[in-house]
Amino acid sequence: SRDWSSDVCSSDLPTTARPTDASVTDALDTMVHVLVIDDQPLVREGLEGIIDGHSACRVVGSADSVESAVALDLDRVDVCTLDLSLPGIGGYEGIGVLTARWPSTRVLIVTMHPESSHGASCLQRGAAGFVSKGASADAIRNAVTRVVAGDKYFAADRDRKSTRLNS
């Protein structure tokens, strides 16, 4: 059995080694704020875990519909992941609704639908990227990073490699 009494807790550290409230706030302000929208709880929670696993990202909210998302009291959303198949306002219309609510947000479509039949329509409606729900966790994190940097990110269906499109 392990002796836990020798472990160091943050309260045992000198105050200079502990983060201050201001340094924590500054760090959170520089992080990418992500809103996850998907009507399936398992997918939504999975995306939250994947995105929170990125050291530069923070999930600031999640919702099961576009209507629920825009009702959230969020001042800043840098990237919004959005499924196309949602109850109520669907993903296509949702792109415009979300960018009207948060004008600087970049919408990343995360869906089961193939890019070959939906990617161009999403791009025309203002999406910054398109990723299959079959993509790896690394691909999701990479897509978030790329769209927040101003790139367009579309993962090709046939080989699941990302394609960079200049904006």
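Predicted model: local features only at pLDDT ≥ 70, side-chain atom pairs only at ≥ 80, totals over all residues.
Local features are given where pLDDT is at least 70, side-chain atom pairs count only at pLDDT 80 or more, and totals for chains, interfaces and linings use all residues. Residues are numbered from 1 along each chain as its sequence is written, and side-chain values use heavy atoms, with hydrogens and water left out.

**Nonpolar cores**

A nonpolar core is a set of buried Ala, Val, Leu, Ile, Met, Phe, Trp, Tyr and Cys residues joined through side-chain atoms within 4.5 Å. Here buried means under 20% relative accessible area, exposed means over 50%, and partly exposed lies in between (1.4 Å probe, protein chains only). The largest such core has 21 residues, of which Leu35, Ile37, Leu82, Ile95, Leu98, Ile109 and Cys122 touch the most other members. At least two residues of this core come from each of β1 (32-37), α3, β3, α4 (91-101) and β4 (106-111). Another core, of 19 residues, lies apart from it and includes Val32, Val131, Ala143 and Ala155. In soluble globular proteins, nonpolar side chains tend to be buried together.

**Two residues**

Helices (H or I, at least four residues) and strands (E, at least two) are DSSP runs, numbered from the N terminus. Contact means heavy atoms within 4.5 Å.

| Residue | Place | Relative accessible area |

Leaving aside neighbours within four places in sequence, Thr81 is in contact with Val34, Leu35, Val36, Ile37, Leu47, Ile51, Leu108 and Val110. With residues up to four places away not counted, Leu72 touches Leu35, Gly61, Ser62, Arg101 and Trp102. Leu72 and Leu35 are 37 residues apart in sequence, and their C-alpha atoms are 9.9 Å apart in space.

**The helix pair**

The axes of α2 (residues 41-52) and α6 (residues 137-148) come within 9 Å and cross at roughly 70°. Axes are lines fitted to C-alpha atoms, for helices over the stretch in contact, and angles run from 0 to 180 degrees between N-to-C directions. The helices α2 and α6 are therefore roughly perpendicular to each other, a term for angles of 65 to 115 degrees. Leu47, Ile50 and Ile51 in α2 meet Ala137, Ile140, Arg141 and Val144 in α6. The residues of this contact divide into six nonpolar, no polar and one charged; Ala, Val, Leu, Ile, Met, Phe, Trp, Tyr, Cys and Pro count as nonpolar, Asp, Glu, Lys and Arg as charged, and the others, Gly among them, as polar.

How values were computed: Parallel < 35°, antiparallel > 145°, perpendicular 65-115°, else oblique.
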